[in-house]
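Please look through the sequence and the model below, and keep both in view while reading the report that follows.

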Amino acid sequence: MQASSDLSLLSLIGHASFPVQVIMLLLFSASVLSWTFIFSKRAALRRAAEQTRRFEDDFWAGGDLTVLQQAIASRRNEHGALARIFDAGMTEFVKARRSSSRGDTLLDAPRRAMNAALQREMDGLESHLNFLASTGSVSPYVGLLGTVWGIMHAFMGLSTMQQATLAAVAPGIAEALIATAIGLFAAIPAVLAYNRYTSQIDRLSIRFESFVEEFLNILQRQVH
């Protein structure tokens with residue numbers, strides 16, 4: 001029972017050397033932040049996909065674009081990223097027509113406005129992904145650093161013993177390996193989430209870019 005208690009997880013963490021404990025704390029903090037970003041990003045992407053679907057349904061329903069823009073302008077945050085891209089383009093198109101622009105130059109301002117709005121929306125969707133990527137790539141090495149330090153500390157402790165046994169060095173090695181385990185616990189979910197969310201964001205980006213081109217074609221037909 002005593003051996004089992006000494007080799008419990010909390011006991012091993014508590015008896016680890018100070019540098020290893022600091023590394024464990026850093027990895028645990030990175031893991032908590034990663035899970036926070038994972039859940040928040042999951043909700044944000046699901047909301048963005050649903051808002052995009054609803055706006056596409058409204059847009060392709062064939063109603064008056066001016067009426068649709070007025071409905072979006074009153075509650076821009078509720079209609080989603082694609083609606084804000086549309087609003088930016090439509091606003092610049094109306095301004096250009098009032099200034100008596102002609103031909104293809106009439107579409108230059110809406111094109112630039114929608115491209116700028118698209119980039120802003122993509123920056124928002126991609127927020128915190130860099131942290132997940134960094135956590136996924138760096139955490140295993142940080143955990144390995146803690147393991148190497150812990151094992152080195154354990155073997156250095158053997159120099160003060162008259163008789164070196166496996167029982168004497170086992171707790172030190174076990175507590176050192178916990179650092180690697182925590183590093184992997186932080187890295188694996190971060191890598192999986194990063195890959196999944198990057199794929200979802202790429203699909204949304206393609207939908208946004210396709211809409212911009214289709215909307216410009218509609219505006220061009222109105223011009224001519």
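Is Gln 69 buried or exposed? Gln 69 is buried, because its relative accessible area is 12%, where buried means under 20% relative accessible area, exposed means over 50%, and partly exposed lies in between, as computed with a 1.4 Å probe on protein chains only.

The model is predicted, so that local features need pLDDT of at least 70 and side-chain atom pairs count only at pLDDT 80 or more, while totals for chains, interfaces and linings use all residues. Residues are numbered from 1 along each chain as its sequence is written, and side-chain values use heavy atoms, with hydrogens and water left out.

| Residue | Relative accessible area | Class |
|---|---|---|
| Gln 69 | 12% | buried |
| Ser 34 | 2% | buried |
| His 128 | 40% | partly exposed |

Gln 69 belongs to helix α4 (residues 65-74), a helix here being a DSSP run of H or I with at least four residues, numbered from the N terminus. Leaving aside neighbours within four places in sequence, Gln 69 is in contact with Phe 86, Asp 87, Met 90 and Thr 91, contact meaning heavy atoms within 4.5 Å. With Asp 87, the side chain of Gln 69 also forms a polar contact of 3.3 Å (a pair of N or O atoms within 3.5 Å, of which, within protein, one must be able to donate a hydrogen and the other to accept it, and residues adjacent in sequence count only if both atoms are side-chain atoms).

Ser 34 is found in helix α3 (residues 18-59), and a polar atom of its side chain lies 2.8 Å from the backbone oxygen of Ala 30. Not counting residues up to four places away in sequence, Ser 34 touches Phe 131, Leu 132, Thr 135 and Ala 190.

How do two of the helices pack, and at what angle do the axes of α6 and α7 cross? The axes of helix α6 (residues 81-98) and helix α7 (residues 108-125) come within 8 Å and cross at roughly 155°, the axes being lines fitted to C-alpha atoms over the stretch in contact, with angles from 0 to 180 degrees between N-to-C directions. This makes α6 roughly antiparallel to α7, a term for angles over 145 degrees. Among the residues of α6 that meet α7 are Ala 81 and Phe 93.

His 128 lies in the loop between α7 and α8 (129-158), and its phi is near 75°, a positive value in a residue other than glycine.

Key. Angles under 35 degrees count as roughly parallel, over 145 as roughly antiparallel, 65 to 115 as roughly perpendicular and the rest as oblique.
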